[in-house]
Amino acid sequence: MSPCRDTIAAVASGAGQCAVCLIRVSGPDCLAVLHKVFPGLAGGTPQPEPRRAYVRNALDPDVGERVDQCVVTFFRGPQSYTGEDVLELGCHGGTVTPRRVLAALLSAGCRLADPGEFSKRAFLNGKLGLAEAEAVSSLITAGSELAQRNALRQLEGRLGNEAAALACRLRQALVHLEASLDFDDEEVPSLQPADLLVTLEDCAASAQSLADTWEFGRALQEGLQLVVAGKPNTGKSSLLNCLLGEERAIVTDIPGTTRDVLESTFCLGGLPVTLFDTAGITKSKDPIERIGVARALSKLGSADAVVLVVDGSRPLDGDDRWCAELLQRATCPVAVALNKSDLPQVVGRDDAGTLVAAAPVVPTCALNGSGVDRLKEVVEEQVTGNRPADPEGTVIVSLRQREALARSARASCRAAEAVRSAVPLDMICADVRDGLSAIGEITGETVTEDILSAVFAQFCIGK
Ligand SMILES: Nc1nc2c(ncn2[C@@H]2O[C@H](COP(=O)(O)OP(=O)(O)O)[C@@H](O)[C@H]2O)c(=O)[nH]1
Ligand SMILES: [Mg+2]
């Protein structure tokens, strides 16, 4: 991969009205850029003192006009985030000032950084492992405290270390195998197939169990979609307000009040959850209601979990059964809220339990909130059933990492199978090499430029 010859600049902090904005510059021309935009910064000496903050005017080098007053800090490579010379400029926030300071830096010879380019350079310069670089991205996009804690652990190198340990065991197995290929039995201690088998099986199991944490990691990182559905007037919007703890959705006793899908976010068991209120599902002929029903049905298709709301004070009817039938076909978990439990009940829990097979039934009252905490617990159990046993354990959040780990596990399994069937050694070596190379995609040892570009393109600009 080619070394970075140009000097990049980007706004690293968020957009909008704020007190201070951070602009980053990295690359071999940092000092030249510094002298053009902040003439006299170092008082005539060729370099400012590294890691010392200077308050200086930034000038547009084209016209010599002052564009802002900044706090400038110089980091001499390799003691910097990217491993290159780096400048960090704290300028005033807002929309205009950062843009003008950035323009001055571009006039001084910088190029606008690509998304994730600072972290990519940090990786290429050995400052950051690939798993840690990906953790930086997860940290920024984390939607809940649990997701943020997981990303922080990853940033400390948890996944990178586990992957490196796995790679180390596979490499040892490979060295052993290759040595047995190259020398005859008298010259090297003969390979113990039983030990090799244990190593390969262990490596396969470890890689697979890390890959399996992705389901939970995805929920952690991307959040879950929880849809509240049911026929009109059962109390879906009221229940949504109860779950959120605020009057978000309009509630009336007129059936068909909710016309469109309405969404709001909250946290469930540490996971970011988007809650969707939907129009009542009914075979009504009203054209607007039918559009609402179509939208509700399409929302069911992408749901991670559904709460089917049934009015326990009225007999079940065709619309309840139609909803239930639709949900029966859904692949996501369903819980039944037997609502209006404050009124005399005509629907028993057993009747409600027959609506959707295996769906737990929770009596609720959306007017006084009773049963709503229980409903939350039930849904939480349904959506976090795959939570790893160790709450501090490594959880991967990238599909790319899952695929690499699963590939490694498969290769180690094939190798183990080959050892069991006494297949020729060179064929076993090929499988072990595949397993090792897949792990290298996690640590960054064997990544291609394509993989790197795909990973870092998902970052925000300035990171
Ligand atoms: N008694 C009682 N009324 C409820 C309950 N939940 C909702 N309602 C009432 O049922 C009507 C319809 O509620 P709404 O939330 O708009 O139902 P949706 O059409 O399913 O969204 C409103 O008059 C609510 O006040 C409940 O648990 N008990
Ligand atoms: Mg409603």
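How many bridges join strand E1 to E6, and do they run parallel or antiparallel? I looked this up in a predicted model, and found two bridges between E1 (residues 8-11) and E6, with the strands running parallel. I noted one residue pair too: Ala-9 has Leu-112 in E6 as its bridge partner.

Next I checked what packs on the sheet here. Helix H2 (residues 96-107) does, and it touches E1, strand E2 (20-26), E3, E4, E5 and E6. Its direction makes about 65 degrees with that of E4. Helix H3 (residues 117-124) packs on the sheet as well, touching E1, E2 and E6. For H3 I wrote down an angle of about 135 degrees with the direction of E1.

Then I went through the strand order. Six strands make an open sheet, E3-E4-E5-E2-E1-E6, with mixed pairing. Strand E3 (53-59) and strand E6 (111-112) are at the edges; each has a single partner strand, so one side of each has no neighbour in the sheet.

Pro-78 sits in the loop between strand E4 (66-75) and strand E5 (86-92).

I also looked at positive phi values. Asn-233 isn't a glycine, yet its phi is near 70 degrees. I located Asn-233 in the loop between strand E7 (224-229) and helix H9 (236-244). Asn-233 counts as partly exposed because its relative accessibility is 30%.

Ala-358 also has phi near 70 degrees, and lies in the loop between helix H12 (349-353) and strand E12 (361-363). Is Ala-358 buried or exposed? At 83% relative accessibility, Ala-358 counts as exposed.

Methods:
Residues are numbered from 1 along each chain as its sequence is written. Chains are lettered from A and ligands numbered from 1 in the order in which they are written. This is a predicted model: local features need pLDDT of at least 70, side-chain atom pairs count only at pLDDT 80 or more; totals for chains, interfaces and linings use all residues. Side-chain values use heavy atoms; hydrogens and water are left out. Helices (H or I, at least four residues) and strands (E, at least two) are DSSP runs, numbered from the N terminus. Buried means under 20% relative accessible area, exposed over 50%, partly exposed in between (1.4 Å probe, protein chains only). Two strands pair if DSSP finds at least two bridges between them. Contact means heavy atoms within 4.5 Å. Axes are lines fitted to C-alpha atoms, for helices over the stretch in contact, and angles run from 0 to 180 degrees between N-to-C directions.
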